[in-house]
Amino acid sequence: MPNPLEPPSHGVLLQAAVEAAQAAGALLLRYAETGFAIEYKNPINLVTDADRAAEQCVIDHLKSRLPDHRFLAEERGRDDEGSSPYCWIIDPLDGTTNFAHNYPTYCVSIGLEHEGRCIIGVVFDPSRNELFTAIEGRGAHVNGRPLHVSETQTLDSSLLVTGFAYDIRETKRNNLDHFVKFALKAQGIRRTGSAALDLCYVAAGRFDGFWEVRLNPWDMAAGSVIAREAGGHLTDFSGKGLSIYGQELVASNGRIHEAMLAVLNQAPL
Ligand code: IPD
Ligand code: CA
Ligand code: CA
C-alpha cells in the first residue's frame, strides 16, 4: 500500500493496474466457459453481465490500493468525487461482440490519466495470455518483452486495421467511405473488434496503421500510451496530436502516417 503522503511511484501504479487487469481477465474467461447473460443497448450494441462484473472487479482492485483516485469506466460513467490528479479510464471488456459470439479476441483495458495526460497503459488479452504494458517515457512491453512498431514504408505494403461504431446504421459518418479508399491502397485490412488490441498490435508491429471514427476515451486511453511508447505516431485526421476525447484516431508506425492522412482527407468517392 503506498504512503498516502507521497504520490505513488509509476511502478506501484502499473502493478496495481496489472493485477486488476489480470483478475478481470480471469473473470472474463470464467464467464466465457460457464455462460453469460446478454442485454441489448440497441440491435447491434450488446452488453453482458461479464462486462459489468469485470468492471466491478477492476474498480474494487484499484480502489483498495488507491482509494482517493478518480474513475471513468464504460458501464458506470464518471466517478469524479475528490480532487485527485489521477483518473483511471477503464474498458472492462473491449470486444464485447466478439466475447458474446465466443470469438476469442477481447481484452481488459486500463489507462491512467494524470493531470489530463495518459501516463500508464495496461491491456490484457486473457485468451492469448498477452499482457501489454507501458509507462510514459519507459517504453512498451508485452509479457515483459520490449515492443516496437513496424518498419513498413508504404501503404501499398501495409496491413491496416479499422473498426465501426455501433451507430453505423444511423450516421453517414460511418467509416465505410474510408474503408473503401484504404481497401484500394493497402496490402490488406482487418477488423478485429477490439480497438484497444488494435492499438497494441500497432505497437507490436503486427499492424502498420489503425484508423477509426467515433471511438470513446476508454477505447483509446491505455492503448494510446502503449502505441506511443513503442514508437507509434498518433493523431486525429487533421494530423493534430491525439486527444482521447476527440473520437478520431490515426495510429501508425510513423512512416505511413502522412499517406494515411492523405487518404482520410481525400474528396469523397
Ligand atoms: C468497441 C470495440 C470495437 C470498436 C467499437 C468499440 P466495445 O468497444 O473497440 O473494435 O470498433 O467502436 O465501441 O463495445 O467492444 O467495448
Ligand atoms: Ca470498447
Ligand atoms: Ca466495452
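Student: Which residues in α5 meet which residues in α6?

Tutor: Happy to start there, keeping in mind that this is a predicted model. On the α6 side, the contact involves Asp 219, Met 220, Gly 223, Ser 224, Ile 226 and Ala 227.

Student: Are α5 and α6 roughly parallel or roughly antiparallel?

Tutor: Helix α5 spans residues 195–203 and helix α6 spans residues 217–229, and their axes lie 8 Å apart. The packing angle is about 5 degrees, and angles under 35 degrees count as roughly parallel. The two helices are therefore roughly parallel.

Student: Which residues lie nearest the centre of the largest pocket?

Tutor: That pocket holds about 600 Å³ of space, and 34 residues line it. Elements giving two or more residues to the lining are β2 (45–48), β5 (86–94), α3 (96–100), α5 and α6. The lining divides into 10 nonpolar, 12 polar and 12 charged residues. Nearest the centre are Phe 164, Ala 165, Tyr 166, Glu 212 and Asp 219.

Student: From which domains does the lining of the largest pocket draw at least three residues each?

Tutor: Good follow-up! The domain assignment of the chain gives two ranges, 10–144 and 155–264. The lining takes at least three residues from each of them, namely domain 1 and domain 2.

Student: How far apart do the C-alpha centres of domain 1 and domain 2 lie?

Tutor: These domains touch: the contact takes 40 residues from domain 1 and 24 residues from domain 2. Between their C-alpha centres, the distance is 20 Å.

Notes: Residues are numbered from 1 along each chain as its sequence is written. Chains are lettered from A and ligands numbered from 1 in the order in which they are written. This is a predicted model: local features need pLDDT of at least 70, side-chain atom pairs count only at pLDDT 80 or more; totals for chains, interfaces and linings use all residues. Side-chain values use heavy atoms; hydrogens and water are left out. Axes are lines fitted to C-alpha atoms, for helices over the stretch in contact, and angles run from 0 to 180 degrees between N-to-C directions. Helices (H or I, at least four residues) and strands (E, at least two) are DSSP runs, numbered from the N terminus. Angles under 35 degrees count as roughly parallel, over 145 as roughly antiparallel, 65 to 115 as roughly perpendicular and the rest as oblique. Contact means heavy atoms within 4.5 Å. On a 1 Å grid over the protein atoms alone, a cavity is a set of points where a 1.4 Å probe fits but cannot get out, and a pocket is an open set with protein on both sides within 12 Å along at least five of seven lines; lining residues have an atom within 4 Å of a point. Grid points are joined across faces, edges and corners, and a volume is the space filled by probe spheres set on the points. Ala, Val, Leu, Ile, Met, Phe, Trp, Tyr, Cys and Pro count as nonpolar, Asp, Glu, Lys and Arg as charged, and the others, Gly among them, as polar. Domain bounds come from an automatic or database domain assignment.
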